[in-house]
Amino acid sequence: MSEIKRRIEELRRQLLYHAKKYYVEDDPEISDYEYDMMYAELLRLEAEHPEFFDADSPTQRVGGKALDKFEKVTHTVQMNSLSDVFSFEELLAFTTRMEEQLGTPVYSVEPKIDGLSVSLRYENGVFVQGATRGDGFVGEDVTQNLRTVFSIPLKLSEPLSFTVRGEVYMPRRVFERLNLARESAGLPLMANPRNAAAGSLRQLDPKVAAERALDIFIFNFQEGSLYLDGHAPRSHTETLARLAELGFPVLEHTAVAKSGEEVLEHIKKLGTLRPSLAYDIDGVVIKIDGLAQRTEVGEGTNTPKWAVAYKFPPEQKQTKLLDVTVAVGRTGVLTPTAVLAPVGLAGTTVRSATLHNIEMIRQKDIRIGDIVTVQKAGDIIPEVVSSHPAMRDGSEKEFHMPTHCPSCGEPVFYDADEGAATRCVNLKCPAQLSRGIEHFASKDAMNIEGLGPQIVEALLKNGLISDAADLYSLTREDVEEMERMGEKSAQNLIDSIERSKSAGLERLIYALGIRNVGQVAAEALAGHFGTLRSCMQASVEELCAIQDFGEITAMCVVNFFSNPQNRELCARLSEAGLLTEATQKPKAEFFAGLSFVLTGTLPTLSRDEATKLIKAAGGKAVGSVSSKTDFVVAGEAAGSKLTKAQALGIPVIDEATLLSMIEAGSAKIES
């Protein structure tokens, strides 16, 4: 038995060593096959001998159960964002300020990785917690998913306790491979590596996160001790060197600079290197290197004063606009897209670009056949910047938006007040049908459990439904014949559909997906008119009479219910037995006219729960503090909103006081 234990420990050591050589140092010594064989042997031995289990084994990086949700984590050191600068002039203004205050500071110049910021906490040399940045004060516990990132050491060579900050990213090659697989499977493509990394890190199942092959760069030491003897580093570059020594993957291509001119030189160098890097960067971070000098310069409310992020300007190229096509989005918006002569841009070949809407086409005087300048907005989405009328030869043609939906043929309407959008409001339009049914079934709408995107697509594909009303004629036998649906899951879905009939009028109105009608507006409509029929018959003037109901939203409601197919849908939903009359008791209005701002983490209530309580009492929950705010409800780690409230003399209460006021049915704070 001791021989087996020794072999398991040797395999673990070897795998950890080779994982570091591959993932951290980018200098592999063995082939992938050899590594896989050792890993398979260790996996087999651990399965046969569970008495030798070790949570820090390489095999445990992809283990763990799927979570129901992510727990909240309050950061002991605020994870600030950085102030952005967009020109060399702004950057030199920053270095000039630093030199006026500090004399001759040294700057750390680093690539700005385009990923997701996280904190990693170690206790006695063991990785114990990883969290997202969140709002800087409170993030989400993603420890299990971060354990799947092989470049993160699970156990250090020294029993140190500290917290570091890093940027999780998806390498370009992984992103390209992932999108190829999604395309083959008929799934929508991911927009860019950053979004892909963020979505992967927030998977509730760590096995899914493991499949995404994320990586990380550590770029900051947050708190704790980097040395057992208590030695405190004096500079940022010293902390990075020490972290690299401990096995962390620290930022590449960093440099120190002693003047603004040297900073600019390194930015230009990074700009040249950018296309050849294995990961995306969207700028360069410039920090004061001396830690004591950082303290001298100080912190702003949300950003440090001793650092800025220079953002790269988007690359621009000229090409020919060959045609304009129109696609119907899942929310009914008709979007014109430029078909371009292929052009290399920001590392990819661009063949199309968004034109947003007809107003933008008119403002930029874009015509089919024009030579146009294109760029990638945020280095991600291609867009047409401008046309070049002086280069026209007379063959160019003006573009006009269609008068009827290209997908369903129904008339479209032009929404000048809402982003100059052209819309199809036919709920049975094939281009938006799936998304509309998904929204109808969502938790805040009809709350039909088990009716997710895949089931909706399957029901449509099998011809079992053609709109939301068809859901209520489904039988268990219909559903269980579909792939991966057994008798029990089919019955559960049918039961959930049946329960949704009693969801109530306000949920039904919200579920219809009327443009600009969210949960608050749906509640107002239900409360004001009392029945779905009355809502359908309401005029713009009658709708505008509802408090906080503007003309744009009123027009959206009228346009929706003027569509014959939408009216037919509502009639069929009523015939199916759905509640189309308000059944709620009159609301207590003791918070009427009062606005509340929620900040920080409350002891027992979520933001949504607190908001619902305030609204139920007639009040409003708003996002920012102003002189018109009546109360600020502050929880743990309350930030700038609390500071502003105190400065303005606005009453600050805690969760217990809020609940006491609601229980007493009064807006008065009991002493």
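These are my notebook entries on a predicted model.

**Ground rules.** I number residues from 1 along each chain as its sequence is written, and I leave hydrogens and water out, using heavy atoms for side-chain values. Since the model is predicted, local features need pLDDT of at least 70 and side-chain atom pairs count only at pLDDT 80 or more, while totals for chains, interfaces and linings use all residues.

**Overall build.** I looked up the secondary structure and found 24 helices and 22 strands. Helices (H or I, at least four residues) and strands (E, at least two) are DSSP runs, numbered from the N terminus. I then checked the radius of gyration, taken over C-alpha atoms, against the globule rule of 2.2 Å times the number of residues to the power 0.38. For 671 residues a compact globule would be near 26 Å, and the protein has 29 Å, which agrees. I noted the span of the C-alpha trace along its principal axes as about 75 × 70 × 60 Å.

**Contacts and surface.** I took a contact to mean heavy atoms within 4.5 Å. Of the contacts with a separation of 6 or more, 67% join residues 24 or more positions apart. I read an accessible surface of about 33,500 Å², with 50% belonging to carbon and sulfur atoms; the areas come from the Shrake-Rupley method with a 1.4 Å probe, and for residues only the protein chains shown count as cover. Buried residues make up 45% of the 671, where buried means under 20% relative accessible area, exposed over 50%, and partly exposed in between (1.4 Å probe, protein chains only).

**Charges.** I compared the mean positions of the 72 positive and 95 negative charges and got 0 Å between them. Lys and Arg count as positive and Asp and Glu as negative, without His and the chain ends; each charge is placed at NZ of Lys, CZ of Arg, CG of Asp or CD of Glu.

**Backbone.** Most residues other than glycine have a negative phi. Asn124 has a positive phi of about 55°. I located Asn124 in the loop between strand S4 (116–123) and strand S5 (126–132), and Asn124 is exposed at a relative accessible area of 57%. His356 also has a positive phi, near 65°. His356 sits in the loop between strand S14 (348–354) and helix H11 (358–363) and is partly exposed, at 40%.

**Pro249.** I found Pro249 in the loop between helix H8 (236–245) and strand S9 (255–257). Pro249 is buried, at 4% relative accessibility.
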